[in-house]
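Thank you all for making the time this morning.

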Amino acid sequence: MTTATLDMPAKPKPGTNPTPAGRAVPGRAVAKPDTLDRIILTGFMGSGKTTAGTLLADRLGWRFLDLDHEIEARDGRTVPQIFAEHGEAHFRHLESLTLASLLGLRRAVIALGGGAPEELGNRLLLEQTPHTAVVYLSANFDTLAARCAAQAADPAATARPNLADLNLAERRFRLRRPHYERIAAHTIHTTDLTLDQTVDSILTAIRQPKSPR
Ligand code: S3P
C-alpha cells in the first residue's frame, strides 16, 4: 500500500475508518437472504463500501473481500502503482478478471472499486450472477469528496489516482451514478447515517422483497 498524499486522496484499508450509512429505497427483485450467496457493495469512492462491507460481513458471519485489495494481492503492486505503470485501461482489465473470479465465492460480501460498474461487461456479469444482491451506497459528491479527504490524512490508507483532479472526479461521479442505480437491487442513502445505521439498512433492505423495476 502506498502512503496517501494531499493530491491523491485515499481509501481506508478494510476494518478501518468508519463512514456513514443510509436509508433503503425500493429497487428490483432480489433473492431472500437465505438464498443469497453474496452481497456486492457498489458506489463512488468514499461511499463506505469497505468499512460498511467489513462490518456487514462480520454481522452475517460471512467473509469480506475488497476488489482493490484482491487486485493488489494478485498483481503484487498497489492500485496507484498499476495506474502509474500501466494506465487505467490495464487496471480495468485486471479489475474485470478479478471480479469474475470473486463472483464464484459464496457467503461473501464484496466491495467493488468505484469505477467497476463503468465497464459494461462487469455490469452484465453482476446482473446475471444468481443469488447475488447488489447494494448501492449513495451520497452526494461533496459528502464523498469530504470523506475521501478525511481518509487521505490516514497514512495507512491507499491512495486514489482518480481523485487527484476533483473536477474530473465529479464528472466521473455524474457519469457513473446511473450505472450504480441500474445494477443495484437496493440503494442506501448514506449521507446522514452512521456506519452501524448503514449496515442495519443494508440488512433490512436485503430481507425485504423488492418489486420489479
Ligand atoms: C477508482 C476507485 C478505487 C480504485 C481505483 C479507481 C475509481 O476504489 O478502484 O483507485 O475509478 O473510482 P474505491 O472506490 O474503493 O476507492
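I will begin with the chain as a whole and then turn to the ligand.

Please keep in mind that this is a predicted model, in which local features need pLDDT of at least 70 and side-chain atom pairs count only at pLDDT 80 or more, while totals for chains, interfaces and linings use all residues. Residues are numbered from 1 along each chain as its sequence is written, and side-chain values use heavy atoms, with hydrogens and water left out.

The protein chain has eight helices and eight strands, taken as DSSP runs (helices H or I, at least four residues; strands E, at least two) and numbered from the N terminus. Of its 213 residues, 52% are buried, meaning under 20% relative accessible area with a 1.4 Å probe, protein chains only.

Now to the ligand, which 15 residues surround, the closest being K11, D68, R160, N162 and R176; a residue counts as near if one of its heavy atoms lies within 4 Å. Two helices, α3 (79-86) and α4 (88-102), each supply at least two residues of that shell.

As for polar contacts (pairs of N or O atoms within 3.5 Å), a polar side-chain atom of D68 lies 2.7 Å from an oxygen atom of the ligand, and for an N or O atom in the side chain of N162 the distance to a ligand oxygen is 2.7 Å. From G115 it is a backbone N or O atom that lies 3.4 Å from an oxygen atom of the ligand. Taken alone, the ligand exposes 380 Å², and the protein buries 99% of that, with areas from the Shrake-Rupley method and a 1.4 Å probe.

How values were computed
Buried means under 20% relative accessible area, exposed over 50%, partly exposed in between (1.4 Å probe, protein chains only). A polar contact is a pair of N or O atoms within 3.5 Å; within protein, one must be able to donate a hydrogen and the other to accept it, and residues adjacent in sequence count only if both atoms are side-chain atoms.
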